Amino acid sequence: MKPELECAPCILKWVCERAGIQASEKGRFQLVRRVSRILTRDFHGGTNVGALSNRITDSISGYLSNCASYYRDIKRRNNERVHQLLPSAKKYVEKGRTPHQRFKRACRLASASNVAPMTAPDEAFSFREATRILEGKGPLPLLVGDVVGTARRATRILYLTDNAGEIGFDSLLITALREMGATANLVIKKDPFFEDATIEDALFFSMDKLVDNIFTVNGFFIPGRSASQLSDIFKKSDLVIAKGTGNYEALKGELHGKKVIYLLKVKCNPISTDIGAPVGTFVVKVEKTLGV
């Protein structure tokens with residue numbers, strides 16, 4: 001996704017609040033200066049927001065390591081909370097009378113679980129929106145495009161995860177896709193990476209038993225800029241499913257003809273304009289990208 005002007009201060013805030021959570025005051029000032037230098041050099045209308053975020057996080061790896069223990073505890077509590085919700089979530093999905101209905105229900109839960117705040121978290125997520133769906137109180141995430149038809153025609157799926165905790169709801173969606181006859185490969189972050197899901201979180205929900213392979217990436221996956229094996233898997237996939245704002249920003253304009261289903265909460269004006277839904281809306285959107 002190409003940036004709008006307001007993306008620069010948003011990236012600065014997103015990175016510095018998260019990476020500086022356990023740094024000294026001097027360290028936080030140094031962090032702001034380092035990120036600002038990269039933005040000054042690389043922020044322009046032709047850049048990819050995900051690629052820019054990757055360059056920034058690569059340059060502050062020491063900060064990511066220093067705050068890893070803080071986020072490890074946050075992620076553990078998120079995982080435990082979703083583990084408590086999964087029995088009710090499975091019952092909700094299973095109320096669908098057909099595999100297609102169960103897939104749609106799982107999509108909505110996966111989208112509604114994408115609740116990471118734009119600032120660094122200070123407590124485990126409540127997953128209030130997903131819980132309200134389970135209780136029949138809604139509102140339901142907005143479905144845009146032929147979501148079910150697109151998934152029904154897919155046989156090889158590349159699934160890009162977002163945060164710990166919510167990856168538990170992703171496991172229900174992958175189960176629904178398997179019921180429809182598809183196989184999936186999972187992409188998670190290489191540890192440490194803030195509150196994003198890593199291999200530890202995927203194994204907590206037994207994702208290794210649901211997918212063909214689990215790939216780790218150092219930041220956001222961008223086609224053509226990752227390891228050769230994952231790039232080959234991407235080329236052979238006929239559908240990409242991407243969770244969260246970061247994956248949307250990294251993939252938009254980079255998919256070269258691949259179909260994609262985005263699942264996310266709209267958290268900023270540029271994405272609101274791009275998707276066509278108000279800020280705060282949970283969305284499941286299918287998009288057929290233009291080939292090269």
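Q: Which residues are linked in a network of salt bridges?
A: The general idea is that side chains of opposite charge can pair when their charged atoms come close. The rule applied here calls a contact a salt bridge when a side-chain nitrogen of Lys or Arg lies within 4 Å of a carboxyl oxygen of Asp or Glu. In this structure, R72, K75, D191 and D201 are joined by such bridges into a network. This is a predicted model, in which local features need a pLDDT of at least 70 and side-chain atom pairs count only at pLDDT 80 or more, whereas totals for chains, interfaces and linings use all residues. Residues are numbered from 1 along each chain as its sequence is written, and side-chain values use heavy atoms, with hydrogens and water left out.

Q: Which parts does the pair of K75 and D191 tie together?
A: The side chains of K75 and D191 meet in a salt bridge with an N to O distance of 4.0 Å. K75 belongs to helix α5 (residues 68–94) and D191 to the loop between β3 and α10, so the pair ties together parts that are 116 residues apart in sequence. The elements named here are DSSP runs numbered from the N terminus, helices being H or I with at least four residues and strands being E with at least two.

Q: Which parts of the chain does the pair of K252 and D274 link?
A: K252 and D274 bring their side chains together in a salt bridge of 3.5 Å, N to O. This pair links distant parts of the chain, with K252 in the loop between α12 (244–251) and β6 (259–265) and D274 in helix α13 (residues 269–275), 22 residues apart. D274 is partly exposed, with a relative accessibility of 32%. I271 is also found in helix α13, and I271 is buried, with a relative accessible area of 0%.

Q: Which residues gather in a patch of positive charge?
A: A patch is made of residues with over 30% relative accessible area and no salt bridge, where like charges are joined within 9 Å and nonpolar side chains (Val, Leu, Ile, Met, Phe, Trp, Tyr) within 5 Å. Lys and Arg count as positive and Asp and Glu as negative, with His and the chain ends not counted; the charge is placed at NZ of Lys, CZ of Arg, CG of Asp or CD of Glu. Accessible areas come from the Shrake-Rupley method with a 1.4 Å probe, and for residues only the protein chains shown count as cover. On the surface here, K26, R33, R34 and R37 gather in a patch of positive charge. One of them, R33, is found in helix α2 (residues 25–42) and is partly exposed, at 46%.

Q: What is the phi of F127, and what is that of S206?
A: F127, although not a glycine, has a positive phi of about 55 degrees; F127 lies in the loop between α6 (99–112) and α7 and is buried, at 1% relative accessibility. S206, also a residue other than glycine, has a positive phi near 55 degrees; S206 lies in the loop between α10 and β4 (213–217) and is partly exposed, at 31%.

Q: How many helices and strands are in the chain, and what is its radius of gyration?
A: The chain has 13 helices and seven strands. Its radius of gyration is 18 Å, close to the 19 Å that the globule rule gives for 292 residues, so the chain is as compact as a globular protein of that length. That radius is taken over C-alpha atoms, and the globule rule is 2.2 Å times the number of residues to the power 0.38. The C-alpha trace spans about 60 × 45 × 35 Å along its principal axes, and buried residues make up 57% of the 292 residues.

Conventions
Buried means under 20% relative accessible area, exposed over 50%, partly exposed in between (1.4 Å probe, protein chains only).
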